[in-house]
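Reader: I have a structure open and a few things to ask about its packing. Can we go through it?

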Amino acid sequence: MTEIHTAREAAARALFAIREEDAWSAPAIRKYAAGLSVRDAALATALTDGVLQNRSMCDFYLAHFSKIRLKKLQPRILDILRLAVYQMVWLDRIPNAAAVDESVKLARSICHANRQTCGYVNGLLRTIARNMDQLPVPNCETKVEYYALQYSHPQWLVELYLEQFGLQQTRLLLEADNQPAPTVLRVNTLCATAEQVQQELESQGVVVQVHAAIPNCLLVSGAGKMEALPAFAQGRVTVQDGASQMSVYALDPKPGDRVLDCCAAPGGKSFFAAERMEGTGTVVSCDVYEYKLKQIQEGAARLGLTNIRTELQDASVFRPEWEGKFDRVLCDVPCSGMGIIRKKPEIRYKAEESLRSLPDIQLAILRNASRYVKEGGTLVYSTCTLLRRENEEIVDSFLQGQDYFKKMPFSLPVCEQPSDGCVTLLPYIHDTDGFFVAKFCKMAYYGSNDKCGTASASQISALPAGN
């Protein structure tokens, strides 16, 4: 790979990879900013995320001043122009002249632009710089169009949010999507306390804040590369957003349980479940890719968790020997990811058509996984999306026409009131990623009206496994 010397070049190349290769932003930035200083790497991250979060408005300003239609521009040149506009409009600490000059250099060096193209880039950006005090204001006919442009979200997603959440909540949600995601460290309580880790990190210059709602969680900044922290490398902490932890709180694993994590990669929920089980029992962590199982194994080893076993398994394919064998089953299913846009801003640009098949897959996984739950056991369904068609509608379809499972109320640290069996976490309310969690219990014996958990242990053990 060509040596990269500046944050702007790293950001530009990351944007190219995201658009051309469907790369995720975080690994793309890590790749291209690997040789930069901590400060320049942080700037490259801010520039990349900033363009992704404000791309529609960047294009709006460019289109207003450009004499050439944006669709006719070479895509890489457009990415560089967006990068420049983001710096000029949204970042005060970067002089406009520097943004312009560096953009022309990038066009020449990494796009091999000719003199005419470089002249166009220079002229357009200088025109915008001269008009910073009189930038155009969007004039949209509908709220959908305005919100889609102002917050750089696709119109189809804005329409769904307005239908589900209404005008005010949609605005708050879109605003939250464009805010930086906090870095949350969950303390591995098997080998350290939150107080010990906080003192350790602060002694190393990391800014630490105790999470207001979630036990044993720390909000950190200024940590640099997480892998370089001894607390991370030696297994005292792991990175896990609060929302991701909530599905494990709902699952409520106990020491000695047999737990199945159907779609486990990258392993955070399996790790948390294993820790709550105090290293006893078994957590079976599944994925369809060998390399992801290796990541889980490495993470478990780093955290000192010996009660995790990985299995190569498609969550939608029935495994007969597992039928009725697990105390608790977690289905954190593949989803559109619209709840983690602030963490992965590029997700908003997924084509809606590519997401249409997800509900069928999600329901198939949930139905299949339900067969592995013991009588009287617990089943949790979760996603990192806010779309009703992937959340509440899946729950309704799963429950329809069967009497084996029922929704089960549960409490979460980030919620003031217990849920009625389902909860949607919103960034601007719960200060977590957007997330959905549903909890079910399997009836202890069929054909009765008894609530889950009312049968005695002897009654449960006398029943045959499975449905």
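Reader: Leaving aside neighbours within four places in sequence, what is I308 in contact with?
Author: I308 is in contact with S270, F271, A274, V283, S285, I296 and A300, contact meaning heavy atoms within 4.5 Å. This is a predicted model, in which local features need pLDDT of at least 70, side-chain atom pairs count only at pLDDT 80 or more, and totals for chains, interfaces and linings use all residues. Residues are numbered from 1 along each chain as its sequence is written, and side-chain values use heavy atoms, with hydrogens and water left out.

Reader: Which residues touch the most other members of the largest nonpolar core?
Author: Y161, I308, M338, L412 and L425, out of 57 residues. A nonpolar core is a set of buried Ala, Val, Leu, Ile, Met, Phe, Trp, Tyr and Cys residues joined through side-chain atoms within 4.5 Å; buried means under 20% relative accessible area (1.4 Å probe, protein chains only).

Reader: Which element gives the most to this core?
Author: α9, with eight residues. Helices are DSSP runs of H or I, at least four residues, and strands are runs of E, at least two, numbered from the N terminus.

Reader: And what lies apart from it?
Author: Another core, of 56 residues, with A28, L43, M88 and L124 among them.

Reader: New topic. How do α1 and α6 cross?
Author: Their axes (lines fitted to C-alpha atoms over the stretch in contact, with angles from 0 to 180 degrees between N-to-C directions) come within 11 Å and cross at roughly 55 degrees.

Reader: Which residues make the contact?
Author: R8, E9 and A12 of α1, with A98, A99, E102 and L106 of α6.

Notes. Buried means under 20% relative accessible area, exposed over 50%, partly exposed in between (1.4 Å probe, protein chains only).
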